[in-house]
Amino acid sequence: MTHAALPHEPGKEASLWKRIGAFFLNPRNLYILGALIVLALSFSEVARGRHKNFMIFAESTKLFWDHIAPYGENWTRAAPHLDYFLYGPLFNILFAPFAYLPAWLGPFVWNLFNFSMWFAAIFTLPARFSRDEKCKSFLYTFLILACTQLSFQYNVAVGYMFLFAYSLLERGTKGSALLAVLLIMVSGFTKIYGIFQLGLLLCYPRFWRNAGYAMLIGIILLLAPAVNMPLADLPDYYGQWIGALTEHKDTRTWMNIFYLRPLGLLPYRMWVQIGVLALLAAGLLLNHRKWHMPFFRLAALAMLMGYVILFSNSSESHTYVITLIGYQLWFWEMKRAGALNRLDRMLYWVVFVVVVVMPVDVLCPPSVMQFFYGWQLNLWLLLYLWLRIGWTAFIETPRSLSAPEAAATATGR
């Protein structure tokens, strides 16, 4: 007996895709799945002794507590098999709980802690970002986040401190402003990048109070290494850190604007950095009438998160996670307001493929990545996005995002 072929049931396929979508738009599922992947990646590197960045952080921290500055010749003698240590002395104070865990455990705790903070930073963004938008932002950046954590890097911490500080400032309370400034200063005293977020304090109520917080916290953090050394030794210690940063920028080719062909900006790096930062400051000041607009504050944040990577002395592909999460927030604000054009929508996926997917060799053949990256397509895309965000922030803000009804009322100014 023969059986008639079962009729195609498109409803079941639609239902399957709907269930898959619902699974990936559930924060609990994303956290569990993401944490398991991070732990698996961590195990793959620790088992082969390839968690080099964690070793650098742990060794430098132990040197600090042994009263040895982990820079220059001290570092070369102590850890000749490891790359440079480039973070400030505050980093070694904060990293101590991870450094003194059992050697097999520390890397796992470090990566899981940073993953959890990244997740929390996204899902505690202001309420105008929907749960779906937060889930999609997490998914959009997860592959590059995983690559960053595969290398046990600190970039993820810099990224989530940017986001936490932004969300806290948006709340507008005294306590949240104090905590936001603390995070900004911690970021600045460990890896410099975050310090630029202080400029955004202009856009929020009670600027002078917040500036006072920054000054007081800055003094405390500046003196914090004195827990392990005489105050008189601090200037030399900080001098060695600055010296290490200065030397490191010329040790290899980096993935930033200064190596972008055919611009030839490398000989003028310092002047370009100062000039672009001055333009950002001018754009912020000249647009003072937009400070009350949530979109303007967000776009200014995204510009800063792009600046610290694209115009950095030593950017790598993993550091793009900081730029991309800022871009994500801008994208959702624009989409919600109906302000995206066709090119914006197309580039959203082009950037995902080129910047996020291509560096993952299990998803993209290295030869394919090398072809596109040989043309520096990743850098050109990120530069365009950065300029596009700047245009909407400083030059021509979409009317749907600048109308009075689109701007949240600032309180306490």
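Predicted model: local features only at pLDDT ≥ 70, side-chain atom pairs only at ≥ 80, totals over all residues.
Reader: Which residues of α10 are called buried, and what makes a residue count as buried?

Author: The cut-off is under 20% relative accessible area. In α10 that label goes to N210, Y213, A214, I217, G218 and L221.

Reader: Why do you put them on the same side of α10?

Author: Because the arc they cover around the axis is only 130 degrees.

Reader: And what does the face turned away from the buried side carry?

Author: That face of α10 has the exposed residues W208, M215, L216 and I220. Exposed here takes over 50% relative accessible area.

Reader: Zooming out, how many helices and strands does the chain have?

Author: There are 18 helices and zero strands.

Reader: How do you know that the radius of gyration agrees with a compact globule?

Author: For 413 residues, a compact globule would come out near 22 Å; the chain has 23 Å, so that agrees. As for burial, 52% of the 413 residues are buried.

Reader: What share of the contacts with a separation of 6 or more comes from residues 24 or more positions apart?

Author: Those pairs account for 75% of such contacts in the chain.

Reader: And the accessible surface, what does it come to?

Author: About 20,000 Å², with 68% of it belonging to carbon and sulfur atoms.

Technical notes:
Residues numbered from 1 in each chain as written. Heavy atoms only, no water. Buried < 20%, exposed > 50% of the residue type's maximum accessible area, 1.4 Å probe, protein only. Helix = DSSP H or I, 4+ residues; strand = E, 2+ residues; numbered from the N terminus. Arc of directions from axis to C-beta. Rg over C-alpha atoms; globule rule 2.2 N^0.38 Å. Contact = heavy atoms within 4.5 Å. Areas by Shrake-Rupley, 256 points an atom, 1.4 Å probe, with all protein chains shown as cover.
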